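Okay, everyone, thanks for coming. Let me put the model up and talk you through it.

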Amino acid sequence: MHSLQQLSDRQNRRRFLKHNAMGLGATALGSLLSQQQATAAEPGLHFAAKAKRVIFMFMAGAPSQIDLFDPKPELDDMFEQPLPSSVSNGQRVTAMTKGKAQLIAPSMFKFAQKGQNGVYMSELLPHLSDVVDDICFIRSMNTDAINHDPGKTLFCTGTEIPGSASMGAWLSYGLGRINENLPDFVVLNSAFWTGGTGNVQALYSRLWGSGYLPSKHQGVAFQPAGDPVLFLSNPNGVNRDSRRTMLDLVGKLNAEHHEQVGDPEIQTTIAQQEMAFRMQASVPELTDLDGEPQHILEMYGPEVQKSGSFARNCLLARRMVERDVRFVQLFHRGWDHHVGLPGKIKGQAYDVDQAAAALLKDLKQRDLLKDTLVVFGGEFGRTTFCQGKLSHTNYGRDHHPRCFTAWMAGGGVKGGISYGQTDEFSYNVVENPVHVRDFNATILHQLGIDHNKLTFPYLGLDQKLTGVKEAHVVHDILS
Amino acid sequence: MNCFLKSLSVRFTLLVITACSGQLAADDVSFNRDIRPLLSDRCFSCHGFDEEHREADLRLDRREGAEDWLAPGEPDDSEILRRIISDDDDEVMPPPHAHKPRFTDAQIELIRTWIKQGAPYETHWSFVPPESELPAKMKIITDDGNIPRLTEIDSFILDRLNQEGQSISNMADKRTLFRRLSFDLTGLPPNADQLKRFLQDDSEIAYEKAVDRLLESERYGEHMARYWLDLVRFSDTNGLHHDHYRDMTPYRDWVIDSFNKNRPYNEFVIDQVAGDLVPNPTTDQLIASGFNRLHLIIDVGTALPEESLNRNVIDRTTAVGTAFMGLTVQCATCHDHKYDPITQRDFYQLYAFFNNFDGQPETGRRGTLDFKRGLQQPYINLPSDEQKTQLAALELAIAAAQKLTRATTNEIKVAQRSSIDSAKITRLENRLKVETKKQKSLQQKRDQLMLKIPGALVMKEREKIRPAHLLVRGQYDQPGEVVERNTPSFLPPMKDTELTRNRLDLAKWLVSEENPLTARVTVNRFWQQFFGTGIVRTSEDFGAQGEVPSHPELLDYLAVQLTQSNWDVKKLVKQIVMSATYRQSSAASPESYANDPKNRLLSRGARFRLDAEVIRDQILAVTGLLNDDLFGKSVKPPQPDGLWKLVAMPYSYPRIFEADTGTKIYRRSLYTFWKRGLPPPQLTIFDAPTREACVARRERTNTPLQALLLMNEQQYFQASMHFAQTLLQRKHASDSQRLQHAYEAVTTQLPSQSAQKRLLQGLQQFKTLYADDEKLTAQMLTHSLSPDQLPTDQAGKVQLSAWTMLIHSLLNLDTTRAHE
């Protein structure tokens, strides 16, 4: 049997080789050569886009939804009571709270109704409360990962395993750039945060990496000190004139060489060197805040004066989308409040509340909010039960993937609503669950992209941002 | 060379004539080449191998199961074709909800022809053992003794080109060829002596002698190792959570040494997969087994150990799939593979070889000596002879000190019991204090020494085998049935063993004669190094979703050659670079580049941008800065401030980047410290992967950030000035002479008249510019690496500034960063 199979395989193989050795030029080789191009040509706008640009404020470490966005006043009466096992239902927890009692820790923060629709807002977020009519809160977010690294990697790249392309890289790949002088995907990491130093989670360049996509699509991380873009400034002793002289010389020699060898890639090199030269002017102009009037700076709050602050990065993000940078991603760390949450979350709220609200207002007054999608969220939520010491005014919360809150504003999303519901404990989603891949599919949708069609072949799969499982655009929140 | 070209053109005529005979009917369709890729892409995810997700009980990956839908010979009676061409959204395949593109008319024609031919199925091409067959025409050619320089490789390439009415290009000129060869064999440009030697040798075998010399260079092993380190995701940190330090550098040294010593590739594989299981393993074999420890690993504290264990084993198994088998086995973690015949059971049977690791699934706590050394059990210490002596002496001294403190402690006890002489007790206690201090100081010295002694993480089996389960939906906490260790059922089986099969059996199976994948995957990756693209473009995936080979017969021929040569890698490399195909000129018409942008037919030499490491190493080499020390711990050349801090946690180790000093910072780039969370930007900006996953090929991009890097990176700019200073030490040379020397050093070429003129004009412009700006000139001079030798007069300063800009310009030329 085996030898028969081998014999037949051998014959087939000959046939395969024979076929390959003759006129396949027109068909198979043609497709072989053009496969890459064909796939690259396919992405693009699949339908009309509501948003042209995105600002994604990623809250690394996972903010507590119960204290910020998902009020559960009923829990006040259940202080220190064990979470019913019917609610937790044997769900896995982290190594930190495994086997420990799950005692309910009600939020110590007050919520009140704000805006035209009376959306409940935490007292921690007074400024965002002012702009609540522009915001759509999704309280039914959920994810697969229970730890930070896989959680962030899943949210930012679509899978928990490192190696995939990030959202901004996908947009760069699919939509291309709309600005000729700036990168199309910029990352702004906060250099510091107020909610204590012990609650910080690591970041990884993979979160804005290109994975299997060509690396030209990777995010450009702006630096809070030194050159905002790595290697932007001329070395000491080289000024704009000597740089121009050098580029003219190099450009002419490159052009001559192109005539000799014929490779069009040389022309790309020339073009990129010129783009680099333009960036040497456009990036400093972008990061120079001298022209910002006082009332704008004040709107973003006092921290805007410090390079590397979240507030500064919000203002920079506005300046970037004004100049049509496609995707700006802010990473703000310090949200991992396992213990001592109330004190620390106040610090974090101080960092983000005023600045994020200012960004929305600022975009709106420039008429940019209508086609700029602003997104805010972390990798998962936090437990309703306490980790560590529990009192009415001091408690901690562990990681919780089953529910959390994220929000969107502008870019064709309804404002002044909250979508989805959790149970009375903010433990399980009971209405309109939105998985992170649904969330990401929705972002792509607003940019005119069908998440199922923006693909890249790698490792045998048509890779996509939303991964192999089905994802659904959350149409209910779209205006 | 002329003689060779002439004979080549004669040969072309011959080939063209012979190629005209034996054409097959144009409508002949191959399942493997034409049909499987289509069915795989559009149909297999619902009608393929994965039983659980199979729709309508129809599978199209094999004939059995497709009969009701296929009428061999009768396309119009075949339901498959009817559904493919249907206009009805409820019927058409692939259905709209699958989000797959519709079949094109040309593809439909292929399927129609295939059915007309009887719809023959074939085993996937890469699962059938390779056979070595030269093209028929070549058999005639090799009988003809007049043309010694066309090799077997060329016969395959020419055979294919001739069918397109094309041929290969003229040979590259000697300088271009030698530059290409040096890059390809050593990762470095030729130095002046090597170049001179080659140019002066007019003999027929000058090129071959140059090949042999370069293959003997230690730089060869370093260069070959660099590709391997991408493939196995080698790095200096753990890659998860805190992303702490780990030391795997002895493994890197072993890889370099293996290539330099030309270790047979089969042994190279066996030692990595199972060096620890070889009877009486050598130190080298244990180090090699560290291949199994290169995966990402989380530090203890937050994740669940059971989950971490599972994740590590999947990572380990995936690496074997990518690196050796060229298969995406990990796709079968949660369900049967959708496109290849890898069942979920197959995956966990393979997984079972790797889950019996005798060590913790998460790294240890901070503060221990192991932690500081970047080590985690099991590991072996690798002290030098000197360190061994030092260590032995310290151990002796510590033992003696311990003996003293014990004795004194006893004396105190005795004294306390028997005497009330408090003065004596005090005296003794004081003595103990001194002795204890001395003992502690010795122990600290030993710890300090241990920190310097390299250790190597190794693989080790538990005695009692940990059972492996099929994990339902890939979930670590949902074990299904127990599975036995075994290889995928669709590949030739392993030899029977008396004892339980172990990794060593698996390793031997990987490089056994029957294995159809390993040799093919291997030669393809080596080929890719020299031509920029593999014969199979998707060098990480030889399954149904991978691309079919551009030259399947050549791939098979090389694979068979490799195994028959006892897996002799240098021989294979030499065979490739000796071919006329390799030696062609890459200069071609715009039409040639437009018609075959990726050069898949190889009608011209390979022109592509050099890899990040080669670009950096070249700058250091041509400017005279390169430190060519071999082996050792990773080094940290300067990078912009603050990059690590911006992503690190407060206890990440290391948290803040501190650049090395001295000549270490000029070592070759493969020794650069690799933090997975934020790898060196000088390398990632030029497409180096993050080393978080196994990567078999890099993308090549061309971006403004790359232009900025080459324009403004501090070390690169300092290198320009360093070279300029050296150049200006030739007091009596004219600017023209200096220019020619510099141009040749950087590009291996002599400048054309026009280039020479432009460059001298440029030099003059720079001189004027700096003469007019004293302040700018003063700033420029701060880049000097030998400030004590700077000119003191203004004219000298201007001269140096202008020459620095000129060298800097040369380093920024496209040709400088190109393999051409």
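Quick term before anything else: pLDDT is the predictor's confidence in each residue, running from 0 to 100. This is a predicted model, so to speak of local features we need pLDDT of at least 70, and side-chain atom pairs count only at pLDDT 80 or more, while totals for chains, interfaces and linings use all residues. Residues are numbered from 1 along each chain as its sequence is written, and chains are lettered from A and ligands numbered from 1 in the order written.

Chain A, then. Its average pLDDT is 88, and 91% of the residues score at least 70.

Over to chain B. We get 33 helices and six strands, taken as DSSP runs numbered from the N terminus (H or I, at least four residues; E, at least two). Of its 820 residues, 51% are buried, meaning 20 or more other C-beta atoms within 10 Å of the residue's own, again placed from the backbone. Along the principal axes, the C-alpha atoms of chain B fill a box of roughly 115 × 80 × 55 Å.

And how many residues of chain B touch chain A? It's 105, in contact with 86 residues of chain A. Helix 28 of chain B (residues 704-712) gives the most to that side, with eight residues.

Terms used:
A residue is buried if 20 or more other C-beta atoms lie within 10 Å of its own, exposed if 12 or fewer, and partly exposed in between; C-beta atoms are placed from the backbone. Two residues are in contact if their C-beta atoms, placed from the backbone, lie within 7 Å.
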